[in-house]
Structures are given as structure tokens and as C-alpha cells.
Protein chains: 2
Amino acid sequence: MSQINIRTLAKELGLSPGTVSKALKDSYEISIETKERVLALAKKLNYVPNIYASSLRKKRSKTIAVVLPEVADSFFSLAINGIESVAQKKGYHVLIYLTHENFLKEQAILNEFKSGRVDGVLISVTSETKHPQHISELRASGVPVVMFDRVFEDMEIAKVCTNDLESGRLATKHLIENGCRQMAYLSISKSLSITNRRMEGYKKALEDNKLQVLKTNIVFCTNDGGYNYSLIKKLMQRKNRPDGILASVEKLIIAVYQVCRELHLRIPEDVKVISFSNLASATILSPSLTTITQPAFDIGEAAASLLFKSLEKSHFKIEEKNIILPSSLEARDSTK
Amino acid sequence: MSQINIRTLAKELGLSPGTVSKALKDSYEISIETKERVLALAKKLNYVPNIYASSLRKKRSKTIAVVLPEVADSFFSLAINGIESVAQKKGYHVLIYLTHENFLKEQAILNEFKSGRVDGVLISVTSETKHPQHISELRASGVPVVMFDRVFEDMEIAKVCTNDLESGRLATKHLIENGCRQMAYLSISKSLSITNRRMEGYKKALEDNKLQVLKTNIVFCTNDGGYNYSLIKKLMQRKNRPDGILASVEKLIIAVYQVCRELHLRIPEDVKVISFSNLASATILSPSLTTITQPAFDIGEAAASLLFKSLEKSHFKIEEKNIILPSSLEARDSTK
């Protein structure tokens with residue numbers, strides 16, 4: 001579907017583009033009746049005014065947008081660096097939009113991009129995002145989109161991510177090899193493909209080793225730090241508490257360490273801990289944290305490179321690209 | 001029924017449309033009597049402001065920009081949350097532009113804002129930024145600017161920061177009270193006011209306690225992590241190595257901890273460490289880190305509130321505002 005612009009409206013209404021433009025600007029030259037007709041159609045067709053049209057009619061905005069849930073996460077801040085390393089070479093600005101894990105905000109942001117504010121979009125969706133319709137609509141308006149890390153697996157769209165299932169399996173196998181028999185998996189979303197894939201890997205590793213998958217060992221955390229703390233505390237106060245923890249995202253790690261401290265549980269003696277994380281401070285935590293380290297910079301770089309290919313070559317079939325970059329396990333004291 | 005607009009009201013009242021518009025916006029230029037007449041008629045005729053047309057006419061982007069050196073720093077990511085908490089209430093988008101401590105990039109970004117891409121700007125300058133000319137030029141083009149954290153002290157511009165001098169003094173006093181006699185100060189810039197103010201506080205505390213200020217104990221780090229590591233290592237390999245370290249920014253802390261580990265120096269027994277930092281993981285480091293914690297969220301919130309005041313009330317003298325929010329010392333094991 002092509003973008004609705006003033007000319008589309010004019011044609012549909014049998015008016016000149018100039019008249020439509022003036023009507024949209026509430027010009028005194030235009031009758032109230034005409035204005036009402038124009039506004040009614042604009043609303044019906046979901047016309048978004050292009051605020052830069054006058055100065056940038058033929059020029060591009062030379063700007064790409066990165067839509068992210070948050071920046072207080074080392075994966076995202078490193079991915080941004082990877083994206084900027086490519087954008088800088090191309091002479092593009094990078095705008096960062098934060099959704100704070102709020103789906104409605106994500107939707108509103110993407111809707112605004114339809115006006116041509118940016119030339120392309122890189123997105124990692126919120127933990128609430130269940131349907132890709134807002135992304136499809138943005139693409140339909142002519143803006144290329146690349147998803148990274150938090151992607152829609154079944155959507156035909158350019159994607160860059162890591163081998164989440166294999167990494168979840170590897171992390172769990174590592175815990176088992178270090179003596180764990182009853183491990184918990186901390187998720188942060190029921191809908192995000194990455195946490196679900198990591199959980200699948202966790203389950204596979206248990207099955208590989210003929211260990212039972214217990215529903216009670218799978219904990220769904222949220223975006224509320226206080227609530228997560230109480231969930232993790234409850235988990236670790238159980239009679240049959242887990243002897244190992246796999247955290248699907250790094251923001252849960254501080255709570256895990258603090259709960260263990262509060263309950264006088266020693267890491268790794270009483271419970272071994274591993275987390276998906278790119279935390280630079282992993283080596284200086286007490287104890288140092290075993291991590292599944294994602295190639296965050298490379299993921300950002302690859303995603304931006306795909307986007308620029310599609311901006312530079314209109315015949316480049318971006319939606320067929322699906323890049324998977326492997327993560328690596330870095331064993332430290334927390335799983336010894 | 002035809003729509004009641006500003007011109008209808010103006011005609012009816014014998015006023016100009018501009019006066020009616022200003023009256024509806026509660027402008028200080030309009031007398032209370034006139035405002036009351038306008039509002040009474042607007043109510044009587046059931047006037048509904050046409051937001052769709054008015055946003056086009058005003059050409060407001062409903063967007064503010066936050067220009068930052070980086071996001072991989074807990075101060076900045078918390079400050080962003082403070083900014084967004086205000087912007088969200090006002091229905092504004094927040095765009096984040098990263099300068100990566102590069103002055104030329106900062107200059108280019110600010111230059112672009114002159115075209116009206118955003119309605120206002122919040123900025124924390126790079127460690128390379130020595131002159132405020134690009135900021136003055138942006139303001140001269142009509143875009144309101146608020147500086148936060150990394151500000152130009154002598155510039156007449158709205159500023160929000162913390163009590164850096166007092167905090168540097170407090171941190172150094174804390175080291176002295178815990179037995180240190182020869183402390184190092186790790187700076188990251190020769191030009192940034194915040195690190196210089198913190199250094200002044202450090203010097204003052206030494207003088208207060210009749211301790212010598214040694215040039216060799218003041219280390220100017222850079223944005224190159226590897227280089228900083230070697231600088232800190234050299235410092236700690238000296239015969240008369242310091243017995244205390246005050247780091248002016250949190251990104252130096254990982255290097256300090258790693259150097260100490262490499263050189264088999266124990267924290268706090270051999271060297272005590274304190275840092276300006278909002279790291280959530282400070283409590284779970286080995287050992288836990290004593291910090292000067294800045295009110296990061298509040299600084300962001302205050303800066304955004306100032307900006308919106310100036311966007312909403314054209315007579316608000318924003319450049320006279322200088323808000324200082326105090327930091328606090330959180331003593332932990334690294335200075336015991």
C-alpha cells in the first residue's frame with residue numbers, strides 16, 4: 001500500500017492539491033464545507049502530515065531510528081554502538097526511541113514514522129508486544145524495517161538475532177555438568193520469542209539429561225523490580241529450592257544476588273547462577289558471574305548494514321534476510 | 001452544523017483572530033477581561049479546538065531531543081527515565097542523540113535542530129566540548145535549551161546539576177576518615193566543569209586536613225578504556241602508590257577493580273575506593289562499592305520540567321534557572 005499524501009486526497013476528492021493543502025492548514029481561503037470534506041477523508045485514510053515535506057521533498061532525512069525497550073541494559077547499549085558504527089560511515093544520524101516495555105508507546109512511535117521522519121527503522125520489540133501489525137503497517141507505508149534480538153520469528157521480515165535455543169541449552173548443560181539437578185529458569189515475558197527460545201533450550205537440556213521439567217521451576221518475572229525480587233525470594237525459600245538458576249536477561253541478576261545474600265545462600269556452593277548478559281562488571285561481581293555473552297555490537301552492526309543495503313538498493317530483498325550470530329558461554333565463579 | 005473556529009469567535013467579538021488565539025492559550029499579553037469574554041463565548045458556542053489543524057499551523061514537532069555522550073552509564077539511563085516521565089505526561093516524544101564524547105558530532109547534531117526538527121533540547125556535553133558557541137547559536141535560532149549534569153557554569157542558560165564540589169569534598173573526607181593519607185583523583189576531562197568541580201572538592205578536603213595536593217595523584221583518563229587501564233595500572237605500581245582512589249565517573253571503576261586484582265592489591269585493605277556512580281550493581285561487587293550517588297532521575301525530571309515551562313509560557317525566563325540537587329554518600333565495603 002502506498003503512502004497517503006496530499007495528492008492522494010486531492011484526487012479522491014476531485015480537488016487540487018493546493019486546495020487540500022490549504023484546507024489542512026485551516027486557511028481562510030477555503031470554505032468550511034471543503035475543509036470538513038478534506039479532514040473527514042484525511043481521518044478515514046489515516047493521512048499523516050509530512051512535516052518535513054517542504055524542506056525535504058526530494059531529500060532523505062538522513063536519519064534512521066532505533067526503537068528499543070530500554071538503554072539500561074548492556075546488550076542494548078552495545079548494540080547501539082554497533083548500529084552507530086555503520087550509520088556514521090554512511091553519514092546518517094541515529095535517533096533512539098525508548099518504549100519502556102510499553103506496547104502502546106511502541107505503536108505510537110511507529111505510527112509517527114509513517115510521516116517520513118526517518119528513512120528506516122531498527123526495532124527490538126517490548127515484552128508486551130504480541131502482534132506485528134504496527135510493524136507491517138510501517139513497512140507498507142514504504143519505510144524499511146529490520147528487527148533485531150527481540151524479533152517476530154514467523155514474520156517475513158529482516159531479522160538479526162543470536163542462537164537463543166542453543167544458548168539456553170548450553171547454559172543449562174553447563175549447570176548440570178557442574179552438579180545441578182534442579183534448575184530454575186527466570187523468564188521476563190510469555191510472548192517474547194527470545195525468552196521462549198531460551199526456555200526451550202533449557203527444557204531440551206533437562207530432557208537430554210533425563211531430568212524432569214517442573215512448571216514450578218519456571219518463573220515469569222515482569223518489568224517491576226520489586227515484584228521480581230519477591231518472586232525470586234519465594235522461589236529460593238521453597239523447601240525444594242533450585243540448586244541452579246538460569247536468568248534470561250541481566251536485569252534479574254542483581255535481584256538474584258541480593259536475595260541469596262538476604263537468605264544467606266552462598267553462590268556457587270548453595271546455588272549456581274548463570275545469566276544471559278553483556279555486563280562489563282560480570283568479572284568483578286561477588287562472585288564473578290558466568291554469562292552467556294551475546295555478540296551485541298555485531299548484532300547491531302549487522303542489523304544496520306542490512307537496513308542500509310535496502311536503502312541503497314531498492315531491489316535488495318531485505319525481508320528474506322535472517323542472520324543468526326552465535327553467543328558464547330563465559331564460565332566464571334558463580335557456577336564453579 | 002458548521003464548525004466553530006477561532007475566526008468565528010473573533011468576528012463575533014470584534015477582535016483579531018490572533019488575540020482570540022492568545023486568549024485561549026492564556027497568554028500574558030491579553031487582559032483578563034478579554035480572556036473572560038473569549039472563554040465565555042467559546043463555551044457558549046461549544047468551540048472545540050481543532051488539534052489536527054492547530055498542530056499543523058504551529059508546526060510543532062511535539063518532540064524534544066536529549067543529547068548525551070553515551071547511554072552505557074547508569075547516570076544517563078536514569079536521567080532519561082526522569083526526562084521521559086515528564087515528556088509522557090505532556091504527550092511529547094523524546095529522541096535520544098548520542099555524541100559518543102565527540103565534539104564535532106555534538107556540533108552537527110545541534111546544527112540540525114535549527115531547522116525545527118525538535119521543539120526543545122536537553123543537553124549534557126561531551127568531555128571534549130570547550131566552548132558553548134554551538135549551544136548559543138541553537139538558542140538564537142529560537143530553540144529553548146536546558147543543560148544538565150555536564151553544563152557550562154558561566155553561561156547564562158538553564159542548568160540542572162548536582163553539588164559537585166561539595167560531593168568531591170565529602171568523598172575525600174570519607175576516605176581520610178577511614179585512614180587514607182594519599183589519595184588519587186581520577187578525572188576524565190580537563191575541560192568538563194563537573195569533573196573539575198569534583199577535583200576542587202578533593203583538593204579542598206586535602207587542604208582542610210593539612211594533606212598535600214600532589215600533581216602526580218591527579219590522573220586524567222580518556223575515553224579509551226585500554227589506555228585508562230594502563231594509566232591506572234601505572235599509578236598503582238608506583239612505589240608511593242595511593243592508599244585511596246576517588247573516581248569521578250563510574251566507567252573507571254571496572255578498570256580500578258581489575259587492576260587491583262591483577263596487582264594482588266586488596267580493596268579496601270591496601271587501597272580504598274569510592275566513585276561517583278549510580279550503578280545498581282554497586283552492592284553486589286566484590287567488594288561492594290562506596291558511591292557518591294547522584295539524584296539522576298530527579299535531575300532529568302527537573303531539566304525536562306524547565307524545558308516544558310519554557311515551551312508552554314513564552315515569557316518564562318528559563319535562562320535564569322539554575323537548579324542544584326544534592327548527591328549522597330553511600331558507604332559500603334570498598335572504603336571500610
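Author: B:Lys336 has a relative accessible area of 65%, so it counts as exposed. Its partner is B:Asp333, and the two form a salt bridge in which the closest N and O atoms are 3.1 Å apart. B:Asp333 is a bit of a contrast: with a relative accessible area of 33% it falls in the partly exposed class, because that class covers whatever lies between the 20% limit for buried and the 50% limit for exposed. Keep in mind that this is a predicted model, and every value here is computed from it.

Still in chain B, there is also a group to look at. B:Glu70, B:Glu101, B:Arg150 and B:Lys251 are joined into one network by salt bridges that share partners.

Now hop over to chain A for another pair. A:Arg332 and A:Glu330 bring their side chains together in a salt bridge, at 2.7 Å from N to O. Here the arginine is buried, at a relative accessible area of 18%. A:Glu330 comes out at 31% relative accessibility, so this glutamate is partly exposed.

A:Glu312 sits in helix α12 (residues 296-312) of chain A and A:Lys90 in helix α5 of that chain, so the pair links distant parts of the chain, 222 residues apart. Both ends are partly exposed: A:Glu312 has a relative accessible area of 48%, and A:Lys90 is at 34%.

Stepping back, the count over all chains is 36 salt bridges. Between chain A and chain B, the count is two. One of them pairs A:Glu84 with B:Lys105, with the closest N and O atoms 2.7 Å apart.

Which parts of chain A supply at least two residues each to the side that touches chain B? They are α3 (32-44), α5 (74-90), β2 (93-98), α6 (103-113) and α11 (253-262). The largest share comes from β2(A), which gives six residues. By type, the residues on that side of chain A divide into 24 nonpolar, 13 polar and nine charged.

As for the extent of the interface, 46 residues of chain A are in contact with 40 residues of chain B. The size of an interface is often given as the accessible area lost when the parts come together. For chain A and chain B, about 3900 Å² is buried between them, with 57% of it on carbon and sulfur atoms.

Setting aside neighbours within four places in sequence, B:Leu45 is in contact with B:Ile4 and B:Leu9. B:Ser27 is 18 residues from B:Leu45 in sequence, and their C-alpha atoms are 21 Å apart in space.

How values were computed: Residues numbered from 1 in each chain as written. Chains lettered and ligands numbered in written order. Predicted model: local features only at pLDDT ≥ 70, side-chain atom pairs only at ≥ 80, totals over all residues. Heavy atoms only, no water. Contact = heavy atoms within 4.5 Å. Buried area = accessible area lost by both parts, 1.4 Å probe. Salt bridge = Lys/Arg side-chain N within 4 Å of Asp/Glu carboxyl O. Helix = DSSP H or I, 4+ residues; strand = E, 2+ residues; numbered from the N terminus. Nonpolar A, V, L, I, M, F, W, Y, C, P; charged D, E, K, R; others polar. Buried < 20%, exposed > 50% of the residue type's maximum accessible area, 1.4 Å probe, protein only.
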